[in-house]
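Dear colleague,

Please find below the structure that I am handing over to you. A summary of the findings follows it.

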Amino acid sequence: MCEILALKESVLIYLDRSGALEKLIEDCKSFDGPQQNDAVYRFYVRVSPTDLTEVDSVLGDFVLHNPRKATALFQSVCFLAIKTLSLVRKIHTENQVNVILKWTHLPPFPEYCLHLDTFPRGHVTMRPVLIEGLVVAMTRVTKYTGAARFLCTDDDCPAFTGFHHIRVHAPGATESATMRNDFICSMCSSPLKEDVKFRVLGDELCNSMRLGHLYSVVGIPAHVHQWPNITWSIEANGVRKLEREGPQNISNTLQELLQTTSSSPWRFSAILAHCFGLDVTPPGLYNTLKLVLLLSLVQTRAAAEETFHCLDLLIVTCDSLIVDRLMMYSLGFAPRGVRHRATGEMFASLCRDEHGTGNANIHAGSAFLASGGICMLGDLCFYQKDKLDTLESALESRHVSVFIPGRKYGEDSNDQLSFPVPCSFWALSDSTPSFHRPGRSVQAAVGAGDIGSVSMHLADAFGLVVQCQDEAGKDALATLTAHVLQQAVWPGEDLYPASIKLSCQDYKELIAHAQSLQVALSDGALKVIRGYYMASRRVRTLSQISMPSVKLLISLAEAHCRLSLRTLALEEDAIVAVLLCETSVTFRHGASALTVPAHALFPCSLADGGLRRDAILDEFHQAVLRFIFSYVPGAEAYIREE
């Protein structure tokens, strides 16, 4: 008895020191109103095992290894505090106080981490553990009974009224442990019946997790006997989203390169593209493709406010093998990259839930598994029309809907859930004529012969369509063949001693650092984007240039700014965005008054360090300004001609 009193005193000391006692008093104010009339009053108490162990080591041990006993101690102390201070007049018995301990953390030792290969399968003490993982499936939000009041059926029994029999959900318990019709009175052994108006439902943590995200979960494991199997479940006590921490600095090689190219806003990104993917292609080949892949990598990220930024790419090419290899190589630099197969599920699929409380289990497809990263689709010619229609809808709205038929999954009504699409998509379209491709008999869509079998609507939904034609022309195949043969004969050797040495680690650090930069658009960049959009609306139809084009322009300008390791997007970043956007629109819908030269992004080699390329881009910069001045009256008021 003395030991219990000492532990309760330690609980009171901890509540006072941690501020939980003051929070208890504040919580009671909301419970004591005239509209509040519950059988059970729920109180959450945040418990730091480290701080609690410093107050009383025995009590700290209870919290970590016997949470039920620790909860009972906190419940008793909270009830005494409520009655002593007259905080809630409607609380008459200790059973009405439902205390839920929320662990702030667990000790950083292996014993508190749940590993399925070492976790004991037998009967173990129910204690808190830490588990980390990716959400690959989830059920619909299903409420459970948190607490219920039962009354004795014998009107002569003292338990016929009052709060003598209250069932409270315990961690790890099933619904049947809280709610059944065979409970008997502890005073007279008569049957009990529920007072339905006092039932309390709960779903505290159900809405805090999303498909495809990484989480750290603190909870209590419990085994559930479902004949003929025994399965384990974790009752979550606390859920925290895991954030990937990238490097804050870049390598010395990149720092030196950034300083060397500081005289030009275009040169650093050009050299990065020039030297990227040397395991697949020699330097200088497919530079435009490499640049847009890098732009998509640095722009694809999840912001702190749960917003997602993406940059989708559709690559049109006659050499799908090399482009596919380059895209697969680039996928390895994404924070999370998933290669989707045409026969798999892209978004979500349904099946019966055999372990949880719901009847419908929603499994994450490739797009959700690539949350915060890239979902690579490969060649779209292998996809069925219904899959492409779903993809087009998802690209346009950035949401997908999952229909759950109630009759099939044991529910009274149908349900439809909507999920945000949290990744960027990479896809390619083989523009080789169908009679040149073995096994291909599908004709190109009307008006879309240059983009293979992809419809024009789907191409427009991607936003940025890049025609991949290498600058080297006929010499590209010979150069690439020599590159592959040299790699095979001299594996691991430095094949290009004169080129800048940038390792895979350099690019990983660069991309991770660039993603973390907070970018703002300068007045010059905004004026160019706005002027180009307004001028394009004068010379093109609404279907060719629309409001999503503005988002694409801003996204491209921000991406080029990030890749250049700046935090303020300049007018030159907007020029790159305009160049990419106008090239994409021209490829799909034909040329306009703004003439884009062939291979405008990389019109020449970088042998001179990019000086000639800078001069050509400067000329295009002037062409963009003249285009704006010609078709937007009053443009001189907000754009200064250089």
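D324 is located in helix α10; helices (H or I, at least four residues) and strands (E, at least two) are DSSP runs, numbered from the N terminus. Please note that this is a predicted model, in which local features need pLDDT of at least 70 and side-chain atom pairs count only at pLDDT 80 or more, while totals for chains, interfaces and linings use all residues. Residues are numbered from 1 along each chain as its sequence is written, and side-chain values use heavy atoms, with hydrogens and water left out.

The relative accessible area of D324 is 19%, so this residue is buried (buried means under 20% relative accessible area, exposed over 50%, partly exposed in between, with a 1.4 Å probe and protein chains only). Apart from neighbours within four places in sequence, D324 is in contact with R339, M376, G378 and L428 (contact means heavy atoms within 4.5 Å).

**Salt bridges**

A salt bridge is taken here as a side-chain nitrogen of Lys or Arg within 4 Å of a carboxyl oxygen of Asp or Glu. The count by this rule is 14 salt bridges. Three of these pairs are described below.

D324 and R339 form a salt bridge, with the closest N and O atoms 3.3 Å apart. Because D324 belongs to helix α10 (residues 320–331) and R339 to strand β14 (residues 337–339), the pair ties together parts that are 15 residues apart in sequence. R339 has 24% relative accessibility and therefore counts as partly exposed.

R149 and D195 also meet through their side chains in a salt bridge, at 3.0 Å from N to O. This pair links distant parts of the chain, 46 residues apart: R149 lies in strand β5 (residues 144–152), and D195 in the loop between β7 (192–194) and β8 (200–202). R149 counts as buried, because its relative accessibility is 9%. D195, at 10% relative accessibility, counts as buried as well.

In the salt bridge of K387 with E345, the closest N and O atoms are 3.8 Å apart. Distant parts of the chain are linked here too, with K387 in helix α12 (residues 385–397) and E345 in the loop between β14 and β15 (348–352), 42 residues apart. K387 is partly exposed, with a relative accessible area of 24%, and E345 counts as partly exposed at 35% relative accessibility.

**An open sheet**

Strands β4, β16 and β15 form, in that order, an open sheet of three strands with antiparallel pairing (two strands pair if DSSP finds at least two bridges between them). β4 (137–139) and β15 each have a single partner strand and stand at the edges, so one side of each is left without a neighbour in the sheet. β4 and strand β16 (residues 360–364) run antiparallel and are joined by three bridges. M138 stands opposite I362 in β16.

**Packing of two helices**

How do helices α8 and α9 cross? The axes of α8 (residues 267–274) and α9 (residues 287–299) come within 8 Å and cross at roughly 110°; axes are lines fitted to C-alpha atoms, for helices over the stretch in contact, and angles run from 0 to 180 degrees between N-to-C directions. α8 and α9 are therefore roughly perpendicular to each other (angles under 35 degrees count as roughly parallel, over 145 as roughly antiparallel, 65 to 115 as roughly perpendicular and the rest as oblique). On the α8 side, S269, L272, A273 and H274 meet N287, K290, L291 and L294 of α9.

Yours sincerely
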